[in-house]
Amino acid sequence: MDVLVCVKQVPDPETKLRVAPSGKALDTDGVKFTINNTYDEAMVEEALRMKEEFGFTSVRALSVGPARAEEALRATLAMGADEAVLVETPPGMELDPLFTARLLAAAAADIPHDLVLVGRHAQDDEAGAVGSALGEYLGLPSYSFVTELTPVAASHQLKMRRYLEGGEEVFSGPFPAVLSILKGAKDPRTPTLPNILKARKKPLKKIPVKDLEAKVSVLKGGFQPTSAVTSFTLPPPRSGAKMLEFQTPEEAATKLLKVLKEEAKVL
Amino acid sequence: MDFELSPVEKDLREAVKGFARRELAAVAEKMDREEYFPSEVFRQAGSLGFLGASLPEENGGSGLGYLAQAVVLEELARVSPAFALTVGAHSNLCADNLARNGTPEQRKRYVAPLASGEKIGALGLTEPESGSDALSLRTKAEKRGNHYVLNGSKLFITNGPVADILLVYAKTDPARGSRGISAFIVEKEYAGFSVSRKLDKMGMRGSPTGELSLENVEVPAENLVGKENEGAKVVMSGLNVERAVLSAIPVGITEECLSLSLDYARQRRQFGAPIGSFQLIQEKLANMYAQALSSRLLLYHALDSVTRDKRRNRDASTALTYVSEASTRVALDAIQIFGGNGYMRDYPVERLMRDAKLLEIGAGTSEIRRLVVARELLGSLE
């Protein structure tokens, strides 16, 4: 069994974000990028757990992004993936979830895969659309928000588990398949220093995005973004908290109710 | 000049940061309040390779430079300076010293279990009567057949109460003063070795410190490190590396105090505005940043200096003197910015301040380090 994990490099959650002068995107100048999307780390952990538990042949990592996205792939290799492929985009190239999915599908066609895993969504745009679209472009079934999966090789079936609010669902379906993974039972592993060193020597292939143009052009939507951002705004700054002074719990509740009804107008 | 870390050092920083914020942060307060030593977290750090970053690959390390070890200590110190101190004493004072000065057999037997965290290391130099005047130590080692018999006591020994392997200095020829010192590997199981007391400290409380007693401890002759009576060389070169690498701990404390203060100055509102909008707070923050930046540059410079020449004293001593004093000042400023909250144990800044003070005293006091610098600059005075 071969697993392909798709990862995305995202801005560090602690970095200060600004809107670009175009008003349609984030200004990436001076933005620190994290090594990896948190949800992807959880997904990679699940892939590595399966490799160890079921003796899979390989875990390969794939990303679409600018040259700096190599660091996200190196981090995935340091966690324990075997090889990596970067579909390298030139600076300023615009992507949307569906175009990204087409590029991933075109690159994945040349990488052995029985299971293709994506994180539930990326921390930055939170679109959560790549997994389903990737299934469509690869012609594979896709399953979303899976927390744990067990492949039954003989029947080519996956036994999957996912949490629902207040419950849990166990279901099955055929593979090869694309799965979006929700954080499972185990925290993502910290890469060991020896693995960090090894990751620098593991194979990492870079494919210029232009090389995929012919393959992507024949897919529905073609070699361009399907959707376009028309405006982009940051959330309004939070106003300061209002402190209520009180002597008794009853007084606190009365004052709070008054504020919620008359000022916040939420009741 | 390139002040960038290498890709491997950057990845190492991220890995240690994640580990520290996840595993160590959960026990940092408990370590301080209950003098708790998190042996499980220590073993985890070992299995992740963080204890052996600079140790030779053939002894279970990763063969990186001292900068890698400093990166580990800085990220650990941001969360728990006490844990960083324990790791510093273990990885640098004990394991690195053994890796540099030990025989191949000694390295094979002792460095590998230290690199993996299976065993805990310590260094025994200071004694009740020899602190700043370190080479006046009184612990004696007498050669008897295939053994040396050690007698004496060691004080303020970081990791002493939990160490399995100790590098201990003793006089093999007391008449020759500092030219009669030798270094020995002592295992805690050796008969006559004991921890006479665990010490109750102002800060660094999660890093166990002790007084050790050596009563007729028979140490096999093959545990002599370096040549007999040439221990002073081991002490002095070890001290330079120790001062350079341990400088990363105050650098971590300073960075953390600055970062916590910036967050607080943005969030805390008084007179209808964030306190960060007040010029007296801004002045503090700018001064803290200047000290954080100077500290980092001195650290990197000292690491480079001892990598080139372990006998050069001035750069490591200057670095640790400056960065430790800066970390205490910056931690006090952080408490001031936090105001009443800063004085409370609910916030980490008062703990960081108590921890910071130690490195003005340990690894040679600031006063001794200044003497070392001035004497080396002046050369011989006739």
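Two strands count as paired if DSSP finds at least two bridges between them, where helices (H or I, at least four residues) and strands (E, at least two) are DSSP runs numbered from the N terminus. This is a predicted model, so to speak: local features need pLDDT of at least 70 and side-chain atom pairs count only at pLDDT 80 or more, while totals for chains, interfaces and linings use all residues. Residues are numbered from 1 along each chain as its sequence is written, chains are lettered from A in the order in which they are written, and side-chain values use heavy atoms, leaving out hydrogens and water.

In chain A, β4 (residues 115-119) and β9 (residues 177-181) run parallel, joined over 5 bridges, with A:L115 standing opposite A:A177 in β9(A). Both belong to an open, parallel sheet of 7 strands, ordered β5-β9-β4-β1-β2-β3-β10. At its edges sit β5 (142-146) and β10 (204-208) of chain A, each pairing on one side only.

As for aromatic rings, the structure holds 11 pairs over all chains (Phe, Tyr and the six-membered ring of Trp, centres within 6.5 Å; planes under 30 degrees apart are stacked, over 60 edge-to-face, the rest tilted). One of them, B:F271 with B:F278, is edge-to-face, at 6.2 Å centre to centre and 70° between the planes. B:F271 is exposed, at 81% relative accessible area, and B:F278 is partly exposed at 27% (buried is under 20%, exposed over 50%, partly exposed in between; 1.4 Å probe, protein chains only). Elsewhere in chain B, ring pairs tie B:F37, B:F42 and B:F83 into a cluster.
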